[in-house]
Amino acid sequence: MSDSETRDAGFDEWLDAAEEDRAYYLACPNDHGSLPPRRVCPDCGATELEDLELPDSGEIQTFTVTHVPTPAFEEDAPYATAIANFGPVRITGQVVGIDPADVETGLEVEIEVTVSETTGERVLGFSPV
Amino acid sequence: MSDVRVAGVGLTPFGNAPERTSRDLFAEASITAFEDSGVPRDDVDALLYGNFMGELSEHQGHHGPLMAEAAGVRAPATRYESACASSGTAVRDAVMRIRNGEDDVILVGGAERMTNLGTAGATEALAIAADDLWEVRAGMTFPGAYALMAQAYFDEYGGEHEDLAHVAVKNHENALNNEKAQYQSAIEVSDVLEAPQVSSPLGLYDSCPISDGAAAVVLTSEEYAEEHGLEAPVSISGTGQGGDRMALHDREYLARSPAAREASDEAYADAGVDPADVDFAEVHDCFTIAEVLAIESLDLFPIGEGVSAARDGRTTADGETPINLSGGLKAKGHPVGATGASQIAEVTKLLSGKHPNSEFVEGATTGVAHNAGGTVASATVHVLEVSE
């Protein structure tokens, strides 16, 4: 976990876009989806990657409620973490706007950039649609 | 191509020794390994050393020469870092170097100092094995990652927490007479089910402990072993390594470990054995669900059946394929950088009749060691056989 002021090119721009409801993924000519920062498609090696709009919602495929966090999430625990399938990509995020005990597989969510209660850093989150 | 012999093995106790430096831990393991092998230190051609979090726990990089010095070895030394598979990858490279005829004697091993970081600090340090941008910054911990896999497994193949509890109970049972193990205490299924949750569905007793410790192994060529009259009946006859996408969410399967399957396919083919030939295995059970995924990846149990193997007594000490007779990471402990080499040490002792649990695998000729890094984005598998 970096605590410096230096941004991570590619990643922080993605969070900026997600905050403005313009989340995207990278698509290669062979229709493989991936997340930035990336110059090469990890599936096929294609180097022409295009930013395409991420589908508005995804479906939770698996989840967990974490009670023992890293220090960066000490004040946030317990919290739910999930992997949601958005079609071209799957994404890992913290589920907000719902009691962690109510999170379940199949729940439909959208991207919501939230903030760590511990550090004030931005956190990639999901909220129920 | 030379057969690769295990000439000697050494382990420190695994457990809580926050004040001990990794150089001290590795020195102890290497002394035992050299004594066990009968190989003089001067004959060592190289040290390959596994370590994961030395920068974080000891503010120390550049471990190679430091550990060669600690072991009293004057030879080129290189550190291997592949998260929890660090010394598994070191063993693999040692095997290939000896086979290629580049080296005759290699000291391979690893160490980790972890408990000085405390639970929160060690959790943070372990998390760097995941994708920092896309996993760790979303709050995913390592127990959390395996919990995501456990939940996905239950949804896809069935099974419940009680099945996983039997894995923990079995591995504690196996460690009862392992004097190097961190926990030499029996637990019951109810202990696992009632333990505080770490990351649902996994609780405290589904997780391996945070451990300090070291392992060292002296490997030689067959020619060297014969020329010097070494007693080294166990050989590493197969090696394999697999890789996968770094982040769990980028994998094709959330409840399988294809990298470990790739590694085991390669290792079995290399050794010329089938999964059915495997008498027992030491697998990377950093969490109870990890043992399930491992025994399925090794093709010892069909996909979806691994979860009930411990509960049904198929992987217990007296079962058809004993798994983690050492106690596994769960009870023996998991000093990350030492784990892969420690599995080689345990399998060697089991095969040569020198292990407290050797009685359960009497007459066994083939054992397997499975070491995994991250959420199994890295995996190594080694096949060990009795060659004389």
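**Notebook: chains A and B**

I began with residues 53–113 of chain A, where I found 0% helix and 48% strand, with the end C-alpha atoms 16 Å apart. I note here that the model is predicted. I then looked up the record for this span: an unreviewed UniProt entry annotates residues 53–113 of chain A as "domain: ChsH2 C-terminal OB-fold".

**Sheet in chain A**

I traced an open sheet of 3 strands in chain A, in the order S2-S1-S3, with antiparallel pairing. Strand S2 (33–34) and strand S3 (50–53) of chain A are at the edges; each has a single partner strand, so one side of each has no neighbour in the sheet. I checked the pairing of strand S1 (residues 24–27) of chain A with S2(A) and found 2 bridges in the antiparallel sense. In this pairing I located A:Leu26 opposite A:Ser34 of S2(A).

**Chain B as a whole**

I counted the secondary structure of chain B next: 13 helices and 11 strands. Its radius of gyration is 19 Å, close to the 21 Å from the globule rule for 388 residues, so chain B is as compact as a globular protein of that length. Along the principal axes, I get a box of roughly 55 × 45 × 40 Å for the C-alpha atoms of chain B. I looked up burial too, and 66% of the 388 residues in chain B are buried. Among the contacts in chain B with a separation of 6 or more, I find that 78% join residues 24 or more positions apart.

**Sheet in chain B**

I then followed the open sheet of chain B, which has 9 strands in the order S3-S2-S4-S7-S1-S8-S11-S10-S9 and mixed pairing. Its edge strands are S3 (77–80) and S9 (280–282) of chain B, each pairing on one side only.

I took one pair for a closer look: strand S2 (residues 46–50) and strand S4 (residues 105–112) of chain B run in the parallel sense and share 5 bridges. B:Gly50 has B:Gly110 of S4(B) opposite.

Helices on the sheet came next. Helix H10 (residues 258–271) of chain B packs on the sheet and touches strands S8 (234–243), S10 (366–373) and S11 (378–386) of chain B. I read an angle of about 145° between the direction of H10 and that of S8(B). I also found helix H13 (residues 336–351) of chain B lying across S1 (4–11), S2, S4, S7 (213–221), S8, S9, S10 and S11 of chain B. H13 runs at about 125° to S4(B).

**Annotated span in chain B**

I looked up the UniProt record for chain B as well: an unreviewed entry gives "domain: Thiolase C-terminal" for residues 240–385. I find this span of chain B to be 31% helix and 16% strand, with its end C-alpha atoms 15 Å apart.

**Contact between the chains**

Last, I listed the residues in the contact: 30 from chain B and 29 from chain A. On the side of chain B that touches chain A, helix H5 (118–127), helix H6 (142–157) and strand S5 (197–199) of chain B each supply at least two residues. Which element gives the largest share of that side? H6(B) does, with 7 residues. I sorted the side of chain B that touches chain A by class and got 15 nonpolar, 9 polar and 6 charged residues.

How values were computed
Residues are numbered from 1 along each chain as its sequence is written. Chains are lettered from A and ligands numbered from 1 in the order in which they are written. This is a predicted model: local features need pLDDT of at least 70, side-chain atom pairs count only at pLDDT 80 or more; totals for chains, interfaces and linings use all residues. Two strands pair if DSSP finds at least two bridges between them. Helices (H or I, at least four residues) and strands (E, at least two) are DSSP runs, numbered from the N terminus. Two residues are in contact if their C-beta atoms, placed from the backbone, lie within 7 Å. Axes are lines fitted to C-alpha atoms, for helices over the stretch in contact, and angles run from 0 to 180 degrees between N-to-C directions. UniProt positions are given in the numbering used here, feature names are shortened, and annotations may be inferred rather than shown by experiment. Ala, Val, Leu, Ile, Met, Phe, Trp, Tyr, Cys and Pro count as nonpolar, Asp, Glu, Lys and Arg as charged, and the others, Gly among them, as polar. The radius of gyration is taken over C-alpha atoms; the globule rule is 2.2 Å times the number of residues to the power 0.38. A residue is buried if 20 or more other C-beta atoms lie within 10 Å of its own, exposed if 12 or fewer, and partly exposed in between; C-beta atoms are placed from the backbone.
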